[in-house]
Amino acid sequence: MELNQNNYENYLLLYIDNELTASERAAVELFLASNPKQADELKVLQGVKINPEHIEYTDKTSLYRFEEMNATLDPAFKKSLYKNSSNNAKLIDIKKIYWATGSIAAIALGIFFGIKTLSIQTDILQEQIVASIPQSTTKLPESNTNQTINTISIETKSSIVKSNIQSTSELSNKNLPINTSIARNDPALIPVDAVNVENKEKESIIASTPSSNTPLANNSIIEVEQKNEKEVFEEINTEDNDRIIHISNFEVDGDKFRGITRRLGAILKRNKSEKNK
Amino acid sequence: MTDIAYNNAVDQYADGVYRFIVKNIHQEEDARDIVQTAFEKLWVNRDTVDPLKIKSYLFTIAYHQMIDHIRKVKKYTTTDIYETTTIDPVYQPQHELRQTILKAIHELNPTQKSLILLKDYEGYNYQEIGEIMNLSESQVKVYIHRARLQLKEKLSHLQKASA
């Protein structure tokens with residue numbers, strides 16, 4: 001190898017790319033020692049090279065694979081993963097645990113909504129029963145009327161609570177003409193108002209009023225309406241009810257229930273991240 | 001190749017492959033996709049890949065994926081993102097020499113850029129670069145030398161302009 005003014009550039013390029021042997025590198029350095037202009041040119045070419053910079057691929061966890069990793073796990077740890085110590089022991093499959101948890105949750109939800117639907121149907125049945133009660137109460141003695149209608153108010157309470165605010169406001173608005181009509185002892189007006197009332201319980205109670213025209217009965221109806229109205233406002237304005245979750249006949253504290261679900265979620269997430277590791 | 005060896009390869013080479021691609025195409029999300037594909041292929045072919053050539057296998061797959069990506073991008077863009085443009089020397093301060101070089105490299109054609117990056121960043125020799133890019137050793141040598149001289153011209157032009 002002999003460097004001269006015609007071929008030196010090629011050797012300089014090979015020099016900066018580390019593509020020369022030790023003897024060739026020595027020959028280039030010897031040439032540059034006696035040719036300062038070419039030595040400056042080498043510096044320029046070295047300036048063209050870029051120094052590596054560190055750029056990290058941040059999502060390495062998405063690239064990892066763990067197919068055979070369990071084969072090399074610590075024996076003590078591996079043993080703890082086995083269900084049985086017998087020969088046919090199998091590794092606990094985390095996916096199976098997830099599926100089991102998921103199916104249990106699905107069954108629980110199914111039961112919850114099933115019971116909820118049944119309880120709603122029971123309420124509807126109660127409403128129908130209540131609607132039929134007033135007719136029978138008209139046959140009772142005068143002294144018992146007050147007590148009977150009070151019983152009706154207890155039975156209808158739950159269904160009235162479920163009615164929305166709009167219907168209750170309509171209910172309260174309708175109270176005035178009904179009460180005034182009763183006060184005037186004008187039974188002809190009462191059924192007309194009763195038809196306009198949307199609430200079924202209200203309708204059923206009012207429907208019973210024409211048959212019992214006694215002042216005592218009218219007074220007791222007014223009391224019933226006042227009680228019902230009072231109950232409605234109490235239920236709606238109580239903020240604590242928002243936190244209560246009804247499961248069948250049980251009332252569960254919503255905050256505690258959410259806390260349990262959050263912890264369960266955290267445990268599942270931790271298992272997943274451990275699996276990924 | 002076991003999954004342990006594969007995961008070691010992820011630790012050792014994911015950064016380098018990603019850097020090589022992102023420096024070429026300057027699109028992080030696309031670069032991630034290319035890296036993901038390269039490692040997926042390594043996993044699928046783990047039994048046939050030579051354990052001593054895992055790195056070059058990854059770079060080869062990533063490089064060809066990148067070429068496909070560039071072709072697709074070219075189809076949908078009216079201007080060539082790698083079209084050579086002149087650097088305006090007025091707005092390039094002297095102390096930002098490194099940025100200037102990087103910009104000058106970015107303006108090289110895709111083949112030259114890949115050659116320079118594989119050489120300077122990864123330290124591959126001409127033969128290995130040829131294997132990755134499916135070129136002969138002499139082609140690699142000629143293309144790299146041409147790219148270096150091109151960069152030198154641009155830099156000397158800038159230095160003269162700023163002086």
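**Terms and the values behind them**

Analyst: B:Lys152 forms a salt bridge with A:Glu41, and the closest N and O atoms lie 3.3 Å apart. The model is predicted, so local features need pLDDT of at least 70 and side-chain atom pairs count only at pLDDT 80 or more, while totals for chains, interfaces and linings use all residues. Side-chain values use heavy atoms, without hydrogens and water; residues are numbered from 1 along each chain as its sequence is written, and chains are lettered from A and ligands numbered from 1 in the order in which they are written.

User: Why is the pair B:Lys152 and A:Glu41 called a salt bridge?

Analyst: A salt bridge requires a side-chain nitrogen of Lys or Arg within 4 Å of a carboxyl oxygen of Asp or Glu. The closest N and O atoms of B:Lys152 and A:Glu41 are 3.3 Å apart, and therefore the pair meets the rule. Across the interface of chain B and chain A, the rule finds six salt bridges.

User: What makes up the interface of chain B and chain A, and how much area do the two chains bury between them?

Analyst: The contact (heavy atoms within 4.5 Å) takes 39 residues from chain B and 33 residues from chain A. The size of an interface is often given as the accessible area lost when the parts come together. Here the buried area, which is the accessible area (1.4 Å probe) lost by two parts on being put together and summed over both, is about 3500 Å², with 57% of it on carbon and sulfur atoms. In chain B, B:Asp15, B:Arg148 and B:Lys152 lose the most area to chain A, together 16% of what that side buries.

User: Why is H1(B) called mostly covered?

Analyst: Helix H1 of chain B spans residues 3-25; a helix is a DSSP run (H or I, at least four residues), numbered from the N terminus. A residue is buried when its relative accessible area is under 20% (1.4 Å probe, protein chains only), exposed when over 50%, and partly exposed in between. By that cut-off 17 of the 23 residues of H1(B) are buried, and therefore the helix is called mostly covered.

User: How do you know how confident the predictor is in chain B?

Analyst: The pLDDT gives the predictor's confidence in each residue, from 0 to 100. The mean for chain B is 84, and 84% of its residues reach 70 or more. Over residues 78-92 of chain B, however, the pLDDT is below 50.

Conventions:
Bend = angle between axes of the 7 residues up to and from the residue. Helix = DSSP H or I, 4+ residues; strand = E, 2+ residues; numbered from the N terminus.
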